[in-house]
Amino acid sequence: ELANRFIATLERLLPGFIDNDEILGLAVSGGPDSLALLLLAHRIIPDRIAAATVDHGLRSQSAAEARFVAGICAERNIPHDILRPIVPIRGNIQSVARQVRYSLLHDWMKHRSIHWLATAHHADDQLETMIMRVLRGSGIDGMSGIRAKRGDIIRPLLGVQKRDLEQYVAENGIVAIDDPSNRD
């Protein structure tokens with residue numbers, strides 16, 4: 001069922017994509033959300049995906065986590081790159097890390113001739129984003145939440161709950177990485 005929902009969402013976000021030869025890039029951290037994205041895309045369009053893991057170098061485990069994702073990709077013959085910022089991240093860590101992450105991913109897309117980038121934002125992220133925006137006083141504009149498509153970035157899992165993604169990864173025999181910064 002999850003695979004069918006994924007196909008339907010891809011077709012809605014990228015009409016004609018399933019039948020063309022464009023490459024879908026996947027941002028994969030090793031957590032259950034992005035691993036589910038990787039596994040679903042590999043099941044649906046196995047020869048038209050590439051994955052990238054951004055190692056910000058902010059935690060001692062990040063290099064090992066990037067290698068973990070590289071191993072999963074290697075087992076499935078999925079092209080994978082580990083991207084690292086040249087300059088250390090300073091300031092508002094989460095905000096700057098997000099900016100650096102998307103900059104690295106867009107450079108990677110150009111280098112690899114990738115047409116679209118999929119991230120693993122899901123329904124729980126959507127709810128969290130809307131609540132945070134309302135609490136910050138953003139009003140009605142805050143209720144818009146995360147966009148399913150913005151430029152060359154798609155978020156095909158926005159209609160899926162995290163627990164379903166975790167279950168899908170577990171059913172595929174993978175133990176996902178638990179990044180403690182996600183609980184912060």
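**Entry 1: helix 3.** I checked the length of helix 3 (residues 62-75): its 14 residues, at 1.5 Å a residue, should span 20 Å, and the end C-alpha atoms are 20 Å apart, which agrees. The expected span is 1.5 Å times one less than the number of residues. I took helices (H or I, at least four residues) and strands (E, at least two) as DSSP runs, numbered from the N terminus.

The model is predicted: local features need pLDDT of at least 70, side-chain atom pairs count only at pLDDT 80 or more, and totals for chains, interfaces and linings use all residues. Residues are numbered from 1 along each chain as its sequence is written, and side-chain values use heavy atoms, with hydrogens and water left out.

**Entry 2: faces of helix 3.** I looked up burial (buried is under 20% relative accessible area, exposed over 50%, partly exposed in between; 1.4 Å probe, protein chains only). Ser 62, Glu 65, Ala 66, Val 69, Ile 72 and Cys 73 are buried in helix 3. Seen down the helix axis, these buried residues fall within an arc of 120°, so they line one face; the arc is that of the directions from the axis to the C-beta atoms. Arg 67, Ala 74 and Glu 75 are exposed on the face turned away from the buried side.

**Entry 3: strand 1.** I found Leu 24 and Leu 26 buried on one side of strand 1 (residues 24-27), and Gly 25 and Ala 27 buried on the other. Strand 1 pairs in the parallel sense with strand 2 (residues 49-54) over 4 bridges; pairing requires at least two DSSP bridges between two strands. Gly 25 stands opposite Ala 50 in strand 2.
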